[in-house]
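Here's a quick tour for anyone meeting this structure for the first time. Take a look at it, then read on for the charged pairs and a helix.

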Amino acid sequence: MSNEAPNQARVIPLRPQSVRPGTARPVSERPATAPPGEPADRQTREPLWRDLVGDVLRRERLAQERTLKDVSDAARISMPYLSEVERGRKEASSEVLAAAAHALGLGLGDLLSLAQGELTRHSARSRRAVPGSPYNGMCLAA
């Protein structure tokens with residue numbers, strides 16, 4: 001028999017607990033508010049479209065030195081909802097995106113083009129920085 005108490009199980013981790021850079025807590029101890037399945041480091045994954053669009057909206061609003069309330073009033077969108085869109089928490093409809101873009105003096109095409117540029121830059125960075133790749137993105141064809 002074993003020396004362990006009868007109603008206690010021994011837990012053996014399947015993989016070692018790694019620690020995120022800049023923190024003392026293991027990755028497995030992430031706060032419960034983190035969405036399930038979201039990687040620990042947002043920089044390592046391909047960005048979602050809603051993240052890119054939200055970043056562009058926020059950057060444009062801040063560049064114009066406008067408040068969230070000012071833009072939400074002009075776009076006729078609730079301030080909490082626009083905040084969620086800017087943070088990439090909500091997948092906004094094309095009507096909402098067009099209203100937010102027009103409130104910032106942009107067309108919907110301008111907003112989407114800026115977001116597409118961000119995606120292109122991110123893709124180029126991630127292709128360049130593939131660790132262990134012997135070719136570093138270069139390929140010769142004969």
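R66 is a buried residue, because its relative accessible area is 19%, just below the 20% cut-off. Keep in mind that this is a predicted model.

- D70 has a relative accessibility of 35%, so it counts as partly exposed.

**Other salt bridges**
- In total, the structure holds 8 salt bridges.
- One of them joins R50 to E91, with the closest N and O atoms 3.6 Å apart. This pair links distant parts of the chain: R50 is in helix α1, E91 is in the loop between α3 (79–86) and α4 (94–103), and 41 residues separate them.
- R50 counts as partly exposed at 30% relative accessibility, while E91 is exposed at 54%.
- K69 pairs with D73, their closest N and O atoms lying 3.2 Å apart. Both are in helix α2 (residues 68–75), and they are separated by about one helical turn because they are 4 residues apart.
- K69 is partly exposed, at 47% relative accessibility.
- R58, R61 and E86 are tied together in a network of salt bridges.

**Helix α1**
- Helix α1 covers residues 49–63, and its 15 residues should span 21 Å at 1.5 Å a residue; the end C-alpha atoms are 21 Å apart, so the two agree.
- Buried residues in α1 include L52, V53, V56, L57 and R61.
- Just after α1, E65 takes a positive phi of about 55°.

How values were computed
Residues are numbered from 1 along each chain as its sequence is written. This is a predicted model: local features need pLDDT of at least 70, side-chain atom pairs count only at pLDDT 80 or more; totals for chains, interfaces and linings use all residues. Side-chain values use heavy atoms; hydrogens and water are left out. Helices (H or I, at least four residues) and strands (E, at least two) are DSSP runs, numbered from the N terminus. The expected span of a helix is 1.5 Å times one less than its number of residues. Buried means under 20% relative accessible area, exposed over 50%, partly exposed in between (1.4 Å probe, protein chains only). A salt bridge is a side-chain nitrogen of Lys or Arg within 4 Å of a carboxyl oxygen of Asp or Glu.
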